[in-house]
Amino acid sequence: MECDDDHDGVEYLTKFVPLDSDEHVLSDVHINCSSAGGGSNSENVISRFVFTVPNGIRSCNHLDKPNQSASYFDGESTADADDEEDSQVERRDLRREVILIEHTMATVLEDVGTQVWRGALYLCDFILGNPILFAGQTVLELGAGVGLVSALLNYIGSSRTFCTDHSTKALTFCQGNIIRNQFVCLTTKSSAELGPGDAVSVRCLDWFDKSFPKINAAVISPFSWAADDIDVLRRGFVVVAADVIYSDDLTDAFLTTLLRLSEQFRLTVVAYVALEKRLNFTLEDLAVCSPPYRYFQRKLCELSQTIEASTRALLMSERLPDNFPQCFQYERVPELEVWKITATINLN
Ligand SMILES: C[S@@+](CC[C@H](N)C(=O)[O-])C[C@H]1O[C@@H](n2cnc3c(N)ncnc32)[C@H](O)[C@@H]1O
């Protein structure tokens, strides 16, 4: 691994090479993140993720968050001082919100989901720039980590958000973070009581679990799927995922999950996937490159060719333009990308 800096023996995961299982990594998102205090134990912290709200987005929740996530106009304006009307418009553009997220700092690779990664902030920007794709929709987030993206989806008014991960540790953070932002979890409300934009369900979804969406009634956990959840998904959903392309095994499992979801639900599944191409010098290439990214591209190509040959299925992918504004505070490095992946299995 290449390090940006030496920080108490912790390596920043801006560059990515295989790690030993006990090596610690720290997302550089957390280096300058503004703290809102300690978390539920001494290893956790709560960070403030401030974002500007583009014109036209109205939260279903922001008036309900007087203490933690207060909505405000920050009073700054770049408009001509002589033109009061324009000035009002500018101020409205600068409305800001805060999402509070509890997370850990440095972790071993297995627990990277308990930190926030730059891909999540980039995906949040994509969502704020394209709310029409998500508002009023059911959204399934895969590999959600600590739940920042799902919290934002609820904020912009997705009708139902399934915030999923395979790690119980990460899911526990998600549940706390959704409640922390005073968004309503399904654990506290029945489906019949749900209003628009107030339903985030934190659920376990492991990409290696081929039985999903079959419900195993013997497994009782706060993150188990209910029959009702599956019924909601059957009506159609959009997938989002941030920073899940970093290991070849996981890339395989992730892409296979998109195809399996299409097959199981007999739907075309559209996924918006944010990733950060992690560059490092490899001896194999004798150059700076990103092996996980190269594998992702190769796999997309291979899968689409094999699948097309079968005529039963289709996997299409395209890198989307990055012409959406930056609303969250982070370094928008050129290695950040959003991909649209469409999986269709034709069972007829
Ligand atoms: C680098 S973290 C990204 C977390 C979050 N999306 C973000 O960007 O901050 C990768 C996430 O993928 C999850 N993940 C890894 N393997 C998984 C699997 N087999 N099934 C589901 N999620 C998995 C991890 O638990 C972790 O939350």
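Figure 1. A residue is termed buried if 20 or more other C-beta atoms lie within 10 Å of its own, exposed if 12 or fewer, and partly exposed in between, with C-beta atoms placed from the backbone. Helices (H or I, at least four residues) and strands (E, at least two) are DSSP runs, numbered from the N terminus. The model shown here and in the other views is predicted: local features need pLDDT of at least 70, side-chain atom pairs count only at pLDDT 80 or more, and totals for chains, interfaces and linings use all residues. Residues are numbered from 1 along each chain as its sequence is written. β3 and β4 run antiparallel and are joined by three bridges; two strands pair if DSSP finds at least two bridges between them. Gly38 has Val45 of β4 as its bridge partner, and the hairpin from β3 to β4 passes through five residues.

**Figure 2. The chain as a whole.** The chain contains seven helices and 16 strands. Of its 348 residues, 38% count as buried. Two residues are in contact if their C-beta atoms, placed from the backbone, lie within 7 Å. Among contacts between residues at least 6 apart in sequence, 67% join residues at least 24 apart.

**Figure 3. Strand β11 between its parallel partners.** Strand β11 (residues 238-242) has four of its five residues buried, and is therefore largely enclosed by the rest of the structure. Strand β8 (residues 138-142) runs parallel to β11 and is joined to it by four bridges; within this pairing, Val139 is the bridge partner of Val238. β11 also pairs in the parallel sense with strand β12 (residues 269-276), over five bridges, and here Ala241 stands opposite Val273. From β11 the chain passes through α6 to β12 in a right-handed β-α-β crossover. Right-handed means that, with the strands pointing away from the viewer, the path from the first strand over the helix to the second runs clockwise.

Figure 4. Most residues other than glycine have a negative phi, and most peptide bonds are trans. Asp243, in the loop between β11 and α6, has a positive phi of about 50 degrees although it is not a glycine. With 27 C-beta neighbours inside 10 Å, Asp243 counts as buried. Arg266, in the loop between α6 and β12, likewise is not a glycine and has a positive phi of about 50 degrees. Arg266 counts as exposed, because 12 C-beta neighbours lie inside 10 Å. The peptide bond from Phe212 to Pro213 is cis, with omega near 15 degrees, and Pro213 belongs to the loop between β10 (200-204) and α5.

Figure 5. The shell around the ligand holds 21 residues, of which Gly113, Ala120, Gly143, Gly145 and His166 come nearest. A residue is counted as near a molecule if its C-beta atom, placed from the backbone, lies within 6 Å of it. Helices α2 (118-129) and α6 (248-265) each supply at least two residues of this shell. By class, the shell comprises 12 nonpolar, six polar and three charged residues. Ala, Val, Leu, Ile, Met, Phe, Trp, Tyr, Cys and Pro count as nonpolar, Asp, Glu, Lys and Arg as charged, and the others, Gly among them, as polar.

**Figure 6. The largest nonpolar core around Cys124.** This core has 74 residues, of which Leu123, Cys124, Leu148, Val149 and Leu152 touch the most other members. Its largest share, eight residues, comes from α2. A nonpolar core is a set of buried Ala, Val, Leu, Ile, Met, Phe, Trp, Tyr and Cys residues joined through C-beta atoms within 7 Å. Beyond its neighbours within four places in sequence, Cys124 is in contact with Phe51, Leu148, Val149, Leu152 and Phe328.

Figure 7. Val53, in the loop between β4 (44-52) and β5 (72-73), counts as buried because it has 20 C-beta neighbours inside 10 Å. Leaving aside neighbours within four places in sequence, Val53 is in contact with Arg95, Arg96 and Glu97. Val53 and Arg95 are 42 residues apart along the chain, yet their C-alpha atoms are separated by 5.6 Å. Ala227 belongs to helix α5 (residues 227-234) and is exposed, with 9 other C-beta atoms within 10 Å. Lys214 lies 13 residues from Ala227 in sequence and 9.0 Å from it in space, C-alpha to C-alpha.
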